[in-house]
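Morning, everyone. Please look at the model on the screen while I go through its two ligand sites.

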Amino acid sequence: MKVTVVGAGAVGASCAEYIAIKDFASEVVLLDIKEGFAEGKAMDLMQTASLNGFDTKITGVTNDYSKTANSDICVITSGIPRKPGMTREELIGINAGIVKSVSSSLIQHSPNTIIIVVSNPMDTMTYLVHKTTSLPKNRIIGMGGALDSARFKYRLAEALGAPISDVDGMVIGGHSDKGMVPLTAHATRNSVKVSEFLSEDRLNQVKEDTKVGGATLTKLLGTSAWYAPGAAVSGLVQAIACDQKKMFPCSVLLEGEYGLNDLCIGVPVILGRNGIEKIVEIDLSEAEKAHMKESAEGVSKTNGLLEL
Ligand SMILES: NC(=O)c1ccc[n+]([C@@H]2O[C@H](COP(=O)([O-])OP(=O)(O)OC[C@H]3O[C@@H](n4cnc5c(N)ncnc54)[C@H](O)[C@@H]3O)[C@@H](O)[C@H]2O)c1
Ligand SMILES: O=C(O)C[C@H](O)C(=O)O
């Protein structure tokens, strides 16, 4: 199993590290445009192999796509992160050009690959990869919901005073401060609805804290987060590589599902060796449907800024 990660920055390196530590891939290629940067990150990570006990071979290359040839999975993290006070959507001007050229280069060398898009604004960048590569929809996956759901579970556990392992929950919708749809009515503690333990006000607070999860970290760190994003990507890569048939909310091209068309947005999917093996349609309340519709309108508006 060969995995390429484009962008050896904070998220790309963290993702490579988690993939290596989980030890399911034979090879990870890190590629960056900055001379020597990916080579340095790869060497540093390889020097953790004996300490962390993995056999995955990590190599780094400066913009040489021939070294990514025949990758089973490619992850795109190249692009700029936001600074405090910015929205993810403001990154489109720089990141669209980067994601377009990177995705074209990747499929020239790995025509059968599955692409995971991380660069922001992620839902729009995922849509752009569809338009650029014309790969089948099962092979283009945007990562946002897996991370947002992890943050939702963190906030739920905090509110419940419970261990995170007691909690289950999911966030669908757009990966944006306003567009996320945390499914509070579906969230559980050991299969008991969390609404049995938390007031409506407290649940609304959890919801709002989840939606601004990325912005909160960006304010604290001065740039956006990388540990949980890297771990979330590695979870998706592992589900595909190991044909796990696990369910994650991912940004995928919708063609009528959830009443939506011609956009990529977060919905639950089953991930296996073929990438997206199924889009799962769940019953949403009227409020959740309305929130999802509003979220989709936001994503479509950002898509409208793309020069296609
Ligand atoms: N979808 C998500 O959930 C999620 C989570 C975290 C970050 N992100 C996004 O991921 C992106 C990366 O964030 P980061 O914190 O790792 O940023 P970073 O600045 O640390 O790393 C980005 C890397 O991309 C490289 N790069 C730029 N142009 C390139 C090109 N054309 N080819 C190859 N490499 C190129 C840069 O040299 C840099 O090393 C940002 O757009 C950020 O908003 C998304
Ligand atoms: O918040 C960001 O800009 C980065 C990422 O999308 C995140 O949610 O951490």
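Predicted model: local features only at pLDDT ≥ 70, side-chain atom pairs only at ≥ 80, totals over all residues.

Residues are numbered from 1 along each chain as its sequence is written, chains are lettered from A and ligands numbered from 1 in the order in which they are written, and side-chain values use heavy atoms, with hydrogens and water left out.

Which residues are around ligand 2? They are Arg82, Arg88, Asn120, Leu147, Arg151, His175, Gly214, Thr218 and Ser224. A residue counts as near a molecule if one of its heavy atoms lies within 4 Å of it. By class, this shell has one nonpolar, five polar and three charged residues. Here Ala, Val, Leu, Ile, Met, Phe, Trp, Tyr, Cys and Pro count as nonpolar, Asp, Glu, Lys and Arg as charged, and the others, Gly among them, as polar.

Now the polar contacts, meaning pairs of N or O atoms within 3.5 Å. Polar side-chain atoms of Arg82 and of His175 each lie 2.6 Å from an oxygen atom of ligand 2. For Arg151, a side-chain N or O atom is 2.8 Å from an oxygen of ligand 2. Taken alone, ligand 2 exposes 260 Å², and the protein buries 94% of that; such areas come from the Shrake-Rupley method with a 1.4 Å probe.

Two elements give two or more residues to the shell of ligand 2: α6 (145-160) and α8 (213-221). Helices (H or I, at least four residues) and strands (E, at least two) are DSSP runs, numbered from the N terminus. At least three residues of this shell come from each of domain 1 (2-143) and domain 2 (145-304), with bounds from an automatic or database domain assignment.

Next, ligand 1. How many residues surround ligand 1? There are 27, and the closest are Val11, Asp32, Ile80, Asn120 and Met143. The shell splits into 16 nonpolar, nine polar and two charged residues. An N or O atom in the side chain of Asp32 is 2.6 Å from an oxygen atom of ligand 1. Met143 uses its backbone: an N or O atom there lies 2.8 Å from a nitrogen atom of the ligand. Ligand 1 alone exposes 870 Å², of which the protein buries 88%. Helices α1 (10-22) and α4 (92-109) are the elements giving two or more residues to its shell, and α4 has the largest share, three residues. Domain 1 and domain 2 each supply at least three residues to the shell of ligand 1.

Last, the backbone. Most residues other than glycine have a negative phi, and most peptide bonds are trans. The bond from Asn120 to Pro121 is cis, with omega near -5°. Pro121 is in the loop between β5 (114-117) and α5 (122-133). Ser134, not a glycine, has a positive phi, near 55°, and is found in the loop between α5 and β6 (140-142).

Definitions and conventions:
Polar contact = N/O pair within 3.5 Å; in protein donor to acceptor, adjacent residues only side chain to side chain.
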